[in-house]
Amino acid sequence: MKRLLIISPYFPPSNTADMQRVRMSLSYFNQFGWEAEVVTVDPSYSDQPKDDLLMQTIPTDTKIHTVGAHNKKWTSKFGFGNIAFRSYWFYRKKVDELLKKQKFDLIYFSTTQFPICVLGSHWKKRFGVPFVIDMQDAWYSIYYDDKPKHHQPPKYRFSYGLHKYLEPMAIKQAAGLISVSENYIIDLKNRYPEIKNIPSATITFGSFKPDLEIAKKNKDHFVNLLNPGFKNIVYIGRGGTDLHNAIIPVFKAFKQVLTEYPEVYTKVQLYFIGTSYAPPGQGISTILPLAKKFEIENNVTEMTDRISYFHALTTLQQADALFIPGSDDPKYTASKIYPYLLIKKPLLAVFNSKSPALSVLNNCGTQYVYSYDATPEIHTCLLNFFKALINNTIGEPHYNKECIEKYSAQNMTKKQCDLFNLALNQAR
């Protein structure tokens, strides 16, 4: 049995998107020849929402090592509120101790807190342990360069320069790359010729059926966010102006049916929940202002505050239909696709025509899937979606079972382990 040390600054009970791959994989690593241990930041140092139910999905025999972190209150004054920076020296000390005492075959960084990946080069040099990086998002990116300043993330220029400096320190020394998008790997291999021949694999987030059962068993513990007297269409995830191109066609179509049949469509509500990463009560709406432009704000609810993972699953199960808007960045793949398919509710998805999500959804038999920039008849299709919803003619979708099973957490874990084996063999 080969031994894997996973670096994941966020981990249950912290409720973040970037720990989901590790969480869903821990139940299966042993099946494919890898014994995994996790090093994470003690959740008391995390300001992310907590969901204790997440701990029910972690195998009880999993070894979890925790590290500390500097107080965000003080480090933020110098522009370093990111948990990777705050925990950097604590990680270095803890993992140094582990590697001195125990043998690990591979280190696996699975996180979007990318600066922590720089430590991979240190551990490789000092202990000879190769490492793999999971690119769940772009690290150094020029996506926002041509965007108006008010659309750029806070401290964009500072973080842009910092990531441009840090990324090569880690990537050039990596033994392998995993990514949710093939484009991220292509960009990195073009940027750094040194890694052109290292093993790499595009592996999406998988679907994890036990989550649905936990959500059902605990549904009475959560506040119902939806209006039971309405047809509720729900999206749960981040907001942002980069989603507007996907949302605008939906709002246009809804505006038309609302104008033509107000007595019917006033009973339809579109929900956008958890759209901001800001602390509770401090999020800025990015969807509701768009709804106001179409004068449909009474039928659109945006909740910027994030909710717990299982509250989110419960809310999706209570919805009449689900919605996934894609980014105008063609490299973007929504990680929530597979849980949405497992819930088996009518699903409306609108993506950039170059997004890999389109082929996945179409292969799985999703009926209402469109590209906002390449489908001339999208307006008519969206009108038909709203009419079918209000007339109760959509019904429960019947997805391709083989397709969904292909993207199960178990199969996605096997793909990770296959990549680990290739990386380890090449590094020897």
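User: How is a residue classed as buried or exposed here?

Analyst: Buried means under 20% relative accessible area and exposed means over 50%, with partly exposed in between. In this predicted model, lysine 103 counts as exposed because its relative accessibility is 58%.

User: Which residue does lysine 103 meet in a salt bridge, and is aspartate 105 buried or exposed?

Analyst: The side chain of lysine 103 meets that of aspartate 105, at 2.6 Å from N to O, and aspartate 105 counts as buried because its relative accessibility is 11%. In another salt bridge, aspartate 242 and arginine 238 meet at 2.7 Å, N to O; here aspartate 242 is buried, with a relative accessible area of 9%, whereas arginine 238, at 21%, counts as partly exposed.

User: How many salt bridges does a search of the whole structure find, and which parts of the chain does the pair of aspartate 134 and arginine 21 link?

Analyst: The search finds 11 salt bridges. Among them, aspartate 134 pairs with arginine 21, the closest N and O atoms being 2.8 Å apart; this pair links distant parts of the chain, strand E5 (residues 131-135) and helix H1 (residues 20-25), 113 residues apart, and both residues are buried. Arg3, Glu37 and Lys63, in turn, are linked in a network of salt bridges.

User: Which residues touch the most other members of the largest nonpolar core?

Analyst: Phe251 and Phe420 do so, in a core of 106 residues to which helix H14 (residues 378-390) gives the most, with 9 residues. A second, separate core has 38 residues, including Leu5 and Tyr91.

Key. Residues are numbered from 1 along each chain as its sequence is written. This is a predicted model: local features need pLDDT of at least 70, side-chain atom pairs count only at pLDDT 80 or more; totals for chains, interfaces and linings use all residues. Side-chain values use heavy atoms; hydrogens and water are left out. A nonpolar core is a set of buried Ala, Val, Leu, Ile, Met, Phe, Trp, Tyr and Cys residues joined through side-chain atoms within 4.5 Å. Buried means under 20% relative accessible area, exposed over 50%, partly exposed in between (1.4 Å probe, protein chains only). Helices (H or I, at least four residues) and strands (E, at least two) are DSSP runs, numbered from the N terminus. A salt bridge is a side-chain nitrogen of Lys or Arg within 4 Å of a carboxyl oxygen of Asp or Glu.
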